[in-house]
Amino acid sequence: MGQFIKLYSKFEEAGLKPNEMIVLAHLYDRMDLSRKNMGFYDNKQHSYYITFTREELSKKVHVGVATITRVFKTLAAKGWIIVKQRFNSSNRIFLPISLESKNDSSKVSNLDSNHTKHIQTNTDETYVTSKSSKNKQIHISGFDRMQNLVDSLKQKACFGHDLINILVKYSENTGVLYKYAQLIFKAKKSTVAKLVKNGKPEAKEALRFENNINLMPELTEFMKSLIIKTRCTKSIKNIAGYITKALHEFFTDAVGGYMSIERHAQLSKNTKDFNIPIIQLDK
C-alpha cells in the first residue's frame, strides 16, 4: 500500500487521471518483480518488461476491457508505456519512465535481528577465488547470487513460480530470500517428522509439493499474508519464530486436508461400479 501511495503522488504531479494512475500503479508494481528475474529482460530493447493481459488488469481495476484499452492508448501517447506486440505470444509492456530516486529506496526489515549482520555481509557483493586462474578473484554480483538461488528453488526445491515471485518481492537480498526458504523447509521437515512419529506416515506424501497440487498455491497465499503481517505488526519481535509456528500449523492442516481428499477419492473409486443386486420375486 505504501508503494502505491508513493506512485499515486508522482502520477498526480504528472496530471494523470484516476484510471490511468490505478493502471500504472499495477504495472509498476509488477515491474518490481520483473527486475528481479532475468527471464523478463529484453536483449533487443535492453530493458525489463512485464506481461499483463487487459482481461487480467480489468479484473484488478474493476473496469471493462474496453476502458483498459483506452487507458493503454492514452498512456502510450503520453510516453508512460511502450507495448511491443508479439506473434502468438503475450505482448511485452515496457515502462520507459523511471520513478526511482536516491531517496526512494525502501529498507526492508530483516527476518530476525539476530541475523542482521550475517545477512548484510553475505548477500550483496561477493568475491571468490578461482584456482584455475592463479588465485584471481572473481566478482559475483548480488543479482547473480539472487538469480542462482531462484534457479535452485525452482529446479531442486520444486517451489512454484508464484511462490518464488512472492518471496523475491519481499526479499531485499539473497540472505532474506534464503532465510524465508529455509524457514519453509525446516517447518515442513519438522512437521513431517512429528506426524510420522505420531503414527501418520501419510504426512510424507501429503507434504510433497509434487504430489499435493493444492499445497503450493495455498502456501503461496499463506506466505504472502504471513510476511505482510510480520512486517506491519510491531508487536511481533521474533519474526522467524512467529513464521515457523504459523508454518507448522499450516502444514499440519494441509496433511489433514490432503488425506480427506484422498479418502474421498478412494471411496468414490470403490463405489463406482457398485450395483445393488436385483432380486426377482416369485409371482
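I take buried to mean under 20% relative accessible area, exposed over 50%, and partly exposed in between (1.4 Å probe, protein chains only). I found 0 disulfides in the structure, a disulfide being a pair of cysteine sulfur atoms within 2.5 Å.

I note that this is a predicted model, where local features need pLDDT of at least 70 and side-chain atom pairs count only at pLDDT 80 or more, while totals for chains, interfaces and linings use all residues. Residues are numbered from 1 along each chain as its sequence is written, and side-chain values use heavy atoms, with hydrogens and water left out.

Confidence. I read an average pLDDT of 76 for the protein chain, with 72% of the residues scoring at least 70; pLDDT is the predictor's confidence in each residue, from 0 to 100. Over residues 101-131 the pLDDT is below 50, yet this stretch has 56 contacts in the model beyond near neighbours in sequence (contact: heavy atoms within 4.5 Å).

Cores. I use nonpolar core for a set of buried Ala, Val, Leu, Ile, Met, Phe, Trp, Tyr and Cys residues joined through side-chain atoms within 4.5 Å. The largest has 43 residues, of which F159, L167, L219, M223, L247 and F251 touch the most other members. Elements giving two or more residues to this core include α7 (161-169), α8 (174-197) and α10 (215-232), and α11 gives the most, with 11 residues. Helices are DSSP runs (H or I, at least four residues; strands are E, at least two), numbered from the N terminus. Leaving aside neighbours within four places in sequence, I list L163, L167, Y180, I184 and L247 as the contacts of M223. I also found a second, separate core of 23 residues, with L24, L57, I68 and L95 among them.

Helix α3. I find L57, S58 and V61 buried in α3 (residues 54-61). They lie on the same side of α3 because they cover an arc of only 105° around the axis, taken from the directions from the helix axis to the C-beta atoms. Their cover includes α2 (18-34) and α4 (65-77).

Rings. I count 9 aromatic pairs; Phe, Tyr and Trp rings (for Trp the six-membered ring) pair if their centres lie within 6.5 Å, with planes under 30 degrees apart stacked, over 60 edge-to-face and the rest tilted. F11 and Y28 form a tilted pair, 6.0 Å centre to centre with 45° between the planes. F11 is buried at 0% relative accessibility, and Y28 is buried at 5%. Ring pairs link F11, Y28 and W80 into a cluster.
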